[in-house]
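Subject: Structure for your review

Dear colleague,

Please find below the sequence and structure that I am handing over to you. My findings follow, and I would be grateful if you read them alongside the coordinates.

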Amino acid sequence: MGTGFILKGHVLAFSRSPFAGGRPEDAARLGEAVAVQDGLIAGTGTLAEMQALLPGAQVSNHGGRLILAGFVDAHVHYPQTAIIASWGKRLIDWLNSYTFPEEMRFADRAYADEIAGRYLDLTAAHGTTTVCSYCTIHRESVEAFFAAAQARGQRVAAGKTCMDRNAPDGLRDTPQSAYDASEALIARWHGVDRLDYAITPRFSPTSTPEQLEAMGALWAKHPQCLMQTHLSEQTDEIAWVKSLFPQARDYLDTYEEFGLLGARGLYGHAIHLEERERHRLREFGAGLIHCPTSNTFIGSGLFDMAGLMAEGQRIGLATDTGGGSSFSMLRTMAAAYEIGQLRGTPLHPAQLLWLATQGSATALRMEAKIGNIAAGMEADLVVLDLASTPAIAQRSARAEDLWEAVFPTIMMGDDRAIAEVWIGGKPVQERR
């Protein structure tokens with residue numbers, strides 16, 4: 001065993017959800033230091049306590065910086081890295097104009113390797129340590145992403161996107177080939193190192209009932225896997241789903257009918273939900289993934305964070321790159337705050353930070369491993385500089401408490417605010 005490391009600063013951890021009643025700030029606890037050994041959190045407390053726990057450990061003094069769990073991005077499309085911030089399309093046009101042409105390129109393993117590495121480096125620079133990603137229909141795209149994450153010692157989830165209709169030639173598989181390829185990838189990658197497989201039908205309009213049924217059968221055979229898809233992102237999309245599935249009670253029913261509703265299911269966007277859908281999602285404990293920069297950039301709508309949380313839904317936060325317009329979870333938190341304001345329910349900084357860490361980890365059913373700072377958890381950490389730019393520094397200098405100090409970084413921060421990132425107990429991104 002090595003001697004380990006100790007990081008000193010304002011160490012932020014959560015003892016409960018800040019949405020669970022009472023003052024949001026009371027859900028958080030602050031420590032002075034966190035000890036890291038053999039890829040895990042060895043403990044938190046005072047510097048003296050951590051030095052007694054790990055005698056001889058190297059101490060990194062981060063002064064007034066904030067140390068918290070690394071950000072967890074619960075819904076991304078890494079193959080869309082190169083087309084992020086493309087102008088002016090709604091969902092269906094976005095897919096046809098930008099996404100599908102770019103995804104065609106991922107049959108080339110070399111190109112998939114290039115983009116996978118680029119994506120993980122970009123997101124690490126923004127403090128993101130875990131992502132759950134869609135790949136393309138190509139096995140090469142999945143192999144490239146898992147290999148890149150494995151080389152970095154990173155916890156990720158991902159899966160081969162499955163589509164057998166309403167997509168171009170070269171981007172369609174079949175019910176059987178989708179099943180077979182996905183199962184082979186599960187056998188190769190699921191549970192290896194820090195990698196998890198997510199069964200991935202893109203969304204109902206691009207899968208026939210036969211393919212959805214095949215994906216449901218695959219999930220029933222491998223219930224330990226996640227399942228990710230899209231749900232009720234835009235009103236015209238919902239109308240399209242109704243035309244394709246005229247017998248369905250609602251959009252969620254197009255998944256539920258085929259065994260694609262469950263506790264390890266992740267449903268991206270979930271903006272325009274009907275009452276039956278909300279009830280069934282809560283009943284199953286499914287994960288709803290809020291993608292605020294995407295929802296505003298593509299014009300999808302305003303997610304009902306307050307109402308869904310009050311119902312007891314399980315909610316994570318995500319960039320949805322590249323429909324989302326930023327790789328940064330700080331920018332994503334800022335957009336979530338702005339959407340909350342538009343709905344008359346602004347979010348407290350503790351709630352925003354929880355959503356980007358423990359909330360997303362909980363949606364991914366990984367909350368016992370990542371998304372918080374506690375003894376025995378995996379040592380994925382981010383160190384935030386709360387004075388990273390002159391504009392932020394002059395505002396945070398007037399703060400009367402930690403929450404007032406961190407909020408300018410949430411609203412105006414970017415990769416310059418990321419002083420240090422640790423993945424699997426090792427520093428991977430250092431600045432200043």
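In what follows, a residue is called buried when its relative accessible area is under 20%, exposed when that area is over 50%, and partly exposed in between. Please note that this is a predicted model.

By that cut-off Arg-194, at 12% relative accessibility, counts as buried. The side chains of Glu-378 and Arg-194 meet in a salt bridge, with an N to O distance of 2.6 Å. Glu-378 lies in the loop between H13 and S14, and Arg-194 in the loop between helix H5 (175-189) and strand S9 (195-201), so this pair ties together parts that are 184 residues apart in sequence.

The structure holds 28 salt bridges. Asp-304 forms a salt bridge with Arg-278, the closest N and O atoms being 3.1 Å apart. This pair links distant parts of the chain, 26 residues apart: Asp-304 is in the loop between helix H10 (292-297) and helix H11 (305-311), while Arg-278 is in helix H9 (residues 275-284). Both ends are buried, Asp-304 with a relative accessible area of 16% and Arg-278 at 12%.

Arg-278 also meets Glu-311 in a salt bridge between their side chains (2.7 Å, N to O). Since Arg-278 lies in helix H9 and Glu-311 in helix H11, the pair ties together parts that are 33 residues apart in sequence. Glu-311 is partly exposed, with a relative accessible area of 24%. Elsewhere, salt bridges that share partners join Arg-249, Asp-250, Asp-253, Glu-256, Arg-276, Arg-280 and Glu-283 into one network.

Finally, I turn to a helix pair. Helix H12 (residues 329-342) and helix H15 (residues 402-412) pack with their axes 6 Å apart, at an angle of about 95 degrees. The two helices are therefore roughly perpendicular to each other. H12 contributes Leu-330, Met-333, Ala-334, Tyr-337 and Glu-338 to the contact, and H15 contributes Phe-407, Thr-409, Ile-410 and Met-411. By class, the contact comprises seven nonpolar residues, one polar and one charged.

With kind regards

Definitions and conventions:
Residues numbered from 1 in each chain as written. Predicted model: local features only at pLDDT ≥ 70, side-chain atom pairs only at ≥ 80, totals over all residues. Heavy atoms only, no water. Axes fitted to C-alpha atoms, helices over the stretch in contact; angles between N-to-C directions. Helix = DSSP H or I, 4+ residues; strand = E, 2+ residues; numbered from the N terminus. Parallel < 35°, antiparallel > 145°, perpendicular 65-115°, else oblique. Contact = heavy atoms within 4.5 Å. Nonpolar A, V, L, I, M, F, W, Y, C, P; charged D, E, K, R; others polar. Salt bridge = Lys/Arg side-chain N within 4 Å of Asp/Glu carboxyl O. Buried < 20%, exposed > 50% of the residue type's maximum accessible area, 1.4 Å probe, protein only.
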